[in-house]
Amino acid sequence: MLAIFSKEVVQPPQELNSPATPSSKKPKHPEEIVKDFMSCHDPDNAFSVCFGNKSLIAYVRPENNFSMNQRLFCSLDDIYCVFLGSLNNLSSLIKQYGLSKSTNEAMFVVQAYRTLRDRGPYPADQVIKDLDGSFGFVIYDSKAGTVFASLDAYDGVSLYWGIAADGSVVISDNLGVLKESCSKSFAPFPTGCMFHSEQGLMSFEHPTQKMKAMPRIDSEGVMCGANFKVDVHSKVQNMPRVGSEANWAAWGQHA
């Protein structure tokens, strides 16, 4: 999968940009990244959805539809989601949210996101913490113009993010795509974390602690985009509890 979001939509952590001067392999522009990505796949098995100049999601159907490492795509009410992996407790979550038995992981994540966005009965970190399994997902709410991404804490699924030539954020489960697209300005998406385009990056496992950037040097001795870890010596003051009258996105306003 591939997702690209312009600077108008997402302001990523500054440390994701490599401080190194670009070598002969310079970052690519979004149009080139998408073209290269789609050219590597069977056109009958892949598609892309473009939202003007702001966002794009490209999806490739998995070769084995019955694999535990699923790759799912769905859209509902202008919310688009790519889900990777599987949830062990999907059945109980479906019952908890009152959803149809035919609901898959991507559909559930969209419904959970919409519930949080519109009613916010629980803190977002608690909702993500309730997901049992290996998962990673990227949601684009085209009506609100916001992005929400998360990755489980157990390295069951890999996600990477980086910066394109025009400053857009690139997210993919394919490391090669990031290396070719973002030069040295890329890094693994941090495990056990969630990212919201308006509120930034936080750990859903340790929501009361801040995230800090850790320098990362590749095999060539060049500084790359930083890794992000929980700062065990920090503490977020007044962690908000989002009530039914508030928008759930407020979870990160004090981070």
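I started with a pair of charged side chains: Asp-36 and Lys-28 meet in a salt bridge, with N to O at 2.7 Å. For my own reference, a salt bridge here is a side-chain nitrogen of Lys or Arg within 4 Å of a carboxyl oxygen of Asp or Glu.

Before going on, I noted that this is a predicted model, where local features need pLDDT of at least 70, side-chain atom pairs count only at pLDDT 80 or more, and totals for chains, interfaces and linings use all residues. Residues are numbered from 1 along each chain as its sequence is written, and side-chain values use heavy atoms, with hydrogens and water left out.

**Asp-36 and Lys-28**

Is Lys-28 buried or exposed? I found Lys-28 buried, at a relative accessible area of 16%, while Asp-36 is partly exposed at 28%. The cut-offs are under 20% relative accessible area for buried, over 50% for exposed, and partly exposed in between (1.4 Å probe, protein chains only).

I placed Asp-36 in helix H1, residues 30-39. Helices (H or I, at least four residues) and strands (E, at least two) are DSSP runs, numbered from the N terminus. I also looked up Ser-181: its C-alpha is 9.2 Å from that of Asp-36, although 145 residues separate the two in sequence.

Next I checked Arg-114, which forms a salt bridge with Asp-77, the closest N and O atoms being 2.2 Å apart. This pair links distant parts of the chain, 37 residues apart: Arg-114 sits in helix H3 (residues 105-118), and Asp-77 in the loop between strand S4 (70-76) and strand S5 (79-87). Arg-114 is partly exposed, with a relative accessible area of 22%. Asp-77 also counts as partly exposed, at 45% relative accessibility.

Then came Asp-118, whose side chain meets that of Arg-117 in a salt bridge (2.7 Å, N to O). I have Asp-118 down as partly exposed at 45%. Which residues make up the network here? Salt bridges link Arg-117, Asp-118 and Asp-141.

I looked up Ser-18 in the loop between strand S1 (2-5) and H1. Ser-18 counts as buried at 13% relative accessibility. Its side chain reaches the backbone nitrogen of Ala-20 at 3.1 Å and the backbone oxygen of Met-223 at 2.5 Å. Leaving aside neighbours within four places in sequence, Ser-18 is in contact (heavy atoms within 4.5 Å) with Lys-184, Ser-185, Met-223, Cys-224 and Gly-225.

Asn-89 lies in the loop between S5 and helix H2 (90-97), and is buried at 16%. What does its side chain reach? I found the backbone oxygen of Asp-130 at 2.8 Å from the side chain of Asn-89. Not counting residues up to four places away in sequence, Asn-89 touches Asp-130, Leu-131 and Asp-132.

**Helix H2**

My last entry is Gly-98, which follows H2 and has a positive phi, near 65°.

Terms used:
A polar contact is a pair of N or O atoms within 3.5 Å; within protein, one must be able to donate a hydrogen and the other to accept it, and residues adjacent in sequence count only if both atoms are side-chain atoms.
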